[in-house]
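Hi everyone, thanks for coming. Let me put the sequence and the structure up on the screen, and then we can walk through a few spots together.

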Amino acid sequence: DVYDAVLEVGHLNAAGAVDEDGNAVDDGGSESGGKKSPVSMLIDVISGTLQPTLGVMAATGIIKGLLALFDFIGLIPSTSGTYQVWYAVADGFFYFLPIILGYTAAKKFKMNEFIGMAIGIALCYPAMVNSTAGEVLGTVFSGTAFEMSYYQTFLGIPVIMPASGYTSSVVPIILAVAIAAPLEHWLKKVIPDVIKLFVVPFATLVIMVPLTYLVIGPIASILCSILSLTFNAIYSIPVIGGILIGAFWQVLVIFGLHWGLVPLAMINYGLLGYDFILSPYFCVSFAQTFVVLAIILKTKDQKLKKIAIPAFI
């Protein structure tokens with residue numbers, strides 16, 4: 001508020017975003033690259049939300065992988081306290097990912113970061129996560145591929161949740177913050193300054209948390225269901241299915257839609273003893289690893305090499 005007031009009183013124009021050293025950076029505006037397409041804007045939002053977490057995400061992923069290895073060879077059993085302490089951070093980061101993304105998404109959409117985190121906390125709240133273990137109150141979309149049961153209601157409206165809840169999810173929290181941001185900005189304009197501090201977060205959360213559970217979350221679940229049906233149809237021609245999933249897997253990961261395929265792969269492992277859904281992804285990843293290695297060995301661009309080395313690792 002003070003910053004905006006100084007600009008107004010001094011008849012100054014904001015010069016845009018800067019980095020920690022005060023150097024101008026591209027904040028996604030039209031001044032630096034013209035008007036962006038909807039797809040470019042969407043990818044910019046997703047990548048801008050995830051990018052700040054990548055270092056810690058990679059670190060916790062490595063810890064998780066090492067623990068799985070150590071448990072397998074008997075060095076650190078999964079029942080030991082040592083394993084549990086390290087696993088708390090390795091798995092905890094991914095379990096509470098909506099809270100972390102609530103913060104980064106709020107920064108991306110220029111809203112109160114703690115409101116974004118509060119929405120993420122609501123998605124990870126244990127009572128809500130465990131609600132699917134209760135008595136089924138009803139079913140929606142009965143008789144279709146999108147049939148879903150609900151276990152509680154909000155003002156008489158069914159609260160539809162995936163079986164595992166929204167922990168470790170990506171899309172619901174980003175969509176929720178994207179909608180919450182303009183709501184918060186509007187509330188700041190219409191609510192008097194004397195009560196703005198607590199009324200704006202109150203109104204934003206009271207509206208957005210139910211909206212996320214009632215609308216945004218189910219939409220994300222339906223997208224995953226559509227994805228599963230699509231790939232089931234595609235895999236009736238295995239070669240075509242392998243090419244498509246190998247080519248688009250990482251795009252699916254960016255949008256969090258890959259979770260619709262992972263359960264199918266697990267079912268295949270249980271029933272068949274092998275899987276043909278995720279194997280193309282591993283082949284593509286293996287090839288991409290050597291592509292990045294070639295870049296490291298061939299490029300003379302030091303900036304590109306700095307990016308390629310951690311990508312290879």
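Let's begin with the surface, where Ile 62, Leu 66, Leu 69, Phe 72, Ile 73 and Leu 75 form a nonpolar patch with about 660 Å² of accessible area together. Areas here are Shrake-Rupley values with a 1.4 Å probe, and for residues only the protein chains shown count as cover. A patch takes residues with over 30% relative accessible area and no salt bridge, joining nonpolar side chains (Val, Leu, Ile, Met, Phe, Trp, Tyr) within 5 Å and like charges within 9 Å. A salt bridge, in turn, is a side-chain nitrogen of Lys or Arg within 4 Å of a carboxyl oxygen of Asp or Glu.

Before going on, a word on the source: this is a predicted model, where local features need pLDDT of at least 70 and side-chain atom pairs count only at pLDDT 80 or more, while totals for chains, interfaces and linings use all residues. Residues are numbered from 1 along each chain as its sequence is written, and side-chain values use heavy atoms, with hydrogens and water left out.

Leu 69 sits in helix H4, residues 54-72; helices are DSSP runs of H or I with at least four residues, strands are runs of E with at least two, and both are numbered from the N terminus. Leu 69 is partly exposed because its relative accessibility is 43%, between the limits of under 20% for buried and over 50% for exposed.

Leaving aside residues up to four places away in sequence, Thr 60 touches Val 89, Ala 90, Phe 93 and Phe 94, a contact being heavy atoms within 4.5 Å.

Phe 93 and Phe 94 turn up again in H5, where they and Tyr 95 meet Leu 97, Pro 98 and Ile 100 of H6.

Now for some backbone angles. His 11 is not a glycine, yet its phi is positive, about 55 degrees. His 11 lies in the loop between helix H1 (2-9) and helix H2 (30-33), and is exposed at 72% relative accessible area. Leu 155 also has a positive phi, near 55 degrees. Leu 155 is in the loop between strand E2 (148-154) and strand E3 (157-160), and its 77% relative accessibility makes it exposed.

To finish, the whole protein: 14 helices and 3 strands, with buried residues making up 34% of the 313 residues.

Notes. Buried means under 20% relative accessible area, exposed over 50%, partly exposed in between (1.4 Å probe, protein chains only).
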